[in-house]
There are 2 protein chains.
Amino acid sequence: MKRIEGQQQLYYIEHNTIQSFFSFDISPYIEVFEFDKGDFIIQEGAEPEYLFYMVEGKAKLYVTHKNGKVSLINFLTPPIFMGEIELLNEEKYSKSIQTSSRSICIGIAIEKCKEKLLADAHFLKYLCIFLSNKSTVHSAKYTKHQAYPLENKLAEFILLSSHHDIYKEKHTEISDYFGVSYRHLLHTFAQLADAGIIEKTKMGYKIKSKEKLQALADEIK
Amino acid sequence: MKRIEGQQQLYYIEHNTIQSFFSFDISPYIEVFEFDKGDFIIQEGAEPEYLFYMVEGKAKLYVTHKNGKVSLINFLTPPIFMGEIELLNEEKYSKSIQTSSRSICIGIAIEKCKEKLLADAHFLKYLCIFLSNKSTVHSAKYTKHQAYPLENKLAEFILLSSHHDIYKEKHTEISDYFGVSYRHLLHTFAQLADAGIIEKTKMGYKIKSKEKLQALADEIK
DNA sequence: TAAATAATATGAGATATCTCCTATTATTAT
DNA sequence: ATAATAATAGGAGATATCTCATATTATTTA
């Protein structure tokens with residue numbers, strides 16, 4: 001992680017709509033950070049210092065369980081706020097956020113302007129909408145995940161994350177995301193391949209029948 | 001469902017802190033409703049009319065899946081806002097809320113004061129905190145549920161919902177809540193009974209070993 | 001460039017959970 | 001009070017998913 005300053009810092013601030021969320025001048029309170037691939041933006045248990053707004057890159061939200069199991073809760077893509085929960089409550093970070101590619105985040109120093117933020121109706125309204133959407137998406141995902149077997153959820157996911165009919169995500173990551181074992185994920189891929197719906201190639205999995213994949217995905221609400 | 005008016009209406013308004021969430025006089029916009037056991041406060045697909053604040057009673061939040069399966073997402077207990085998501089976004093209700101006992105809700109007519117609400121920093125701050133807590137709880141529940149077998153989650157639930165070491169919830173409801181089949185829930189109860197941890201009586205299940213139950217629950221993060 | 005680490009792959013057997021079926025007992029509505 | 005409906009109960013067999021073990025192949029790091 002490193003601070004970005006000067007000309008480059010200005011670039012990121014001006015090319016993003018960060019100011020539009022606030023009704024006061026936010027510039028005195030912001031810093032721009034660059035995170036390398038694999039860096040942690042936020043670490044479970046650490047003291048919150050910044051409200052982050054990711055403008056470039058890709059990250060993953062994790063939680064660690066007592067039994068050592070790690071759950072990948074979500075993929076985070078810009079533009080997105082991170083650490084807003086800790087802004088609202090006096091708590092340490094309860095989850096980790098790790099980049100999966102080089103990322104740029106605008107950081108708003110919490111200590112310096114928490115009070116201003118929490119009195120700004122414009123910002124709060126935006127934050128409410130953000131939180132409520134998050135809650136909707138989350139709740140949909142949750143009910144889905146408990147009501148359908150992996151085959152259906154995977155079909156939906158393959159359709160969403162493939163490019164030009166090629167799927168090439170990391171199995172280790174995706175098994176975490178779905179909260180299933182690596183082994184079972186592979187089983188399910190093999191199952192889809194056996195049914196002639198996808199095919200394994202050097203490049204990744206090739207979608208052979210979008211219709212059948214869609215039919216499986218459509219069984220989900 | 002029936003409107004409560006006059007003296008009784010005043011009672012409910014004054015004995016609750018509803019005014020404290022707003023920085024303007026909310027009284028012109030509110031009505032008090034009484035719902036009988038089993039009534040729907042909110043129905044999936046209906047047009048949002050009120051932001052509800054439940055002050056008495058008990059309710060359940062449901063979603064219906066395409067495949068007909070119904071998931072009990074949560075138990076709602078006062079004081080709690082309901083329909084706040086639909087206040088923030090232009091959407092129909094996406095879930096149903098059904099009372100499980102006679103309930104009293106204060107309803108705030110959305111149409112009449114949506115704009116005032118969304119400009120009130122005091123209310124918005126409270127709503128942000130409410131939404132963020134909801135999100136935290138929800139996310140904890142979600143990751144828990146996908147990382148542990150029913151036995152552990154049930155142990156935790158029995159400890160939480162028993163009174164004087166007697167557990168007596170409806171199996172049908174609880175199997176929905178955990179998103180498992182009724183059959184499997186019974187299996188798991190039988191399993192705990194076989195292990196001598198609980199015992200079935202006419203009154204409900206009696207906890208024989210709080211320690212063992214706690215040990216099972218403690219395996220969860 | 002060798003060694004270490006992470007990701008992929010697959011077999012075998014165990015466990016958690018599901019569906020379908022069939023009875024019995026409470027509760028609710030006519 | 002009777003019929004209808006909802007809740008409880010448990011058997012049997014299927015399926016989804018897990019754990020553990022073991023190789024092979026990429027990718028990263030010293």
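1. In chain B of this predicted model, strand β8(B) is joined by two bridges to strand β10 of chain B, which covers residues 204–207, and the two strands run antiparallel. Within this pairing, Y167(B) is placed opposite Y205(B) of β10(B).

2. The pairing belongs to an open sheet of three strands in chain B, ordered β8-β10-β9, with antiparallel pairing. Its edge strands are β8 (166–167) and β9 (198–201) of chain B, each of which pairs on one side only.

3. Strand β8 of chain A, residues 166–167, pairs with strand β10 of chain A, residues 204–207, in the antiparallel sense over two bridges, and Y167(A) has Y205(A) in β10(A) as its bridge partner.

4. Which residues come nearest to DNA strand C? Of the 17 residues around DNA strand C, those that come nearest are Y182(A), R183(A) and K200(A) from chain A, together with S181(B) and H184(B) from chain B. Of the atoms of DNA strand C that come within 4 Å of the protein, 55% are accounted for by sugar and phosphate. Sorted by class, the surface near DNA strand C holds six nonpolar, six polar and five charged residues.

5. Several contacts to the phosphates of DNA strand C can be described at the level of atoms. In chain A, a backbone N or O atom of T172(A) lies 3.3 Å from a phosphate oxygen of DNA strand C, whereas for K200(A) an N or O atom in the side chain is 3.1 Å from a phosphate oxygen of that DNA strand. In chain B, a backbone N or O atom of S181(B) lies 2.7 Å from a phosphate oxygen of DNA strand C. The elements giving two or more residues to the surface near DNA strand C are α6 (171–178) and α7 (182–194) of chain A, along with α7 (182–194) of chain B.

6. Is helix α6 of chain B largely enclosed or largely open? Six of the eight residues of this helix, which spans residues 171–178, are buried, and it is therefore largely enclosed by the rest of the structure. The buried residues of α6(B) are H171(B), E173(B), I174(B), S175(B), Y177(B) and F178(B). Just after α6(B), the backbone at G179(B) takes a positive phi of about 65°.

7. For chain A as a whole, the domain assignment gives domain 1 as residues 2–138 and domain 2 as residues 147–218. The centres of domain 1 and domain 2 of chain A, taken over C-alpha atoms, are separated by 31 Å. Where the two domains of chain A meet, seven residues of domain 1 are in contact with five residues of domain 2.

Conventions
Residues numbered from 1 in each chain as written. Chains lettered and ligands numbered in written order. Predicted model: local features only at pLDDT ≥ 70, side-chain atom pairs only at ≥ 80, totals over all residues. Heavy atoms only, no water. Buried < 20%, exposed > 50% of the residue type's maximum accessible area, 1.4 Å probe, protein only. Helix = DSSP H or I, 4+ residues; strand = E, 2+ residues; numbered from the N terminus. Near = heavy atom within 4 Å. Polar contact = N/O pair within 3.5 Å; in protein donor to acceptor, adjacent residues only side chain to side chain. Nonpolar A, V, L, I, M, F, W, Y, C, P; charged D, E, K, R; others polar. Pairing = 2+ DSSP bridges. Domains from an automatic or database assignment. Contact = heavy atoms within 4.5 Å.
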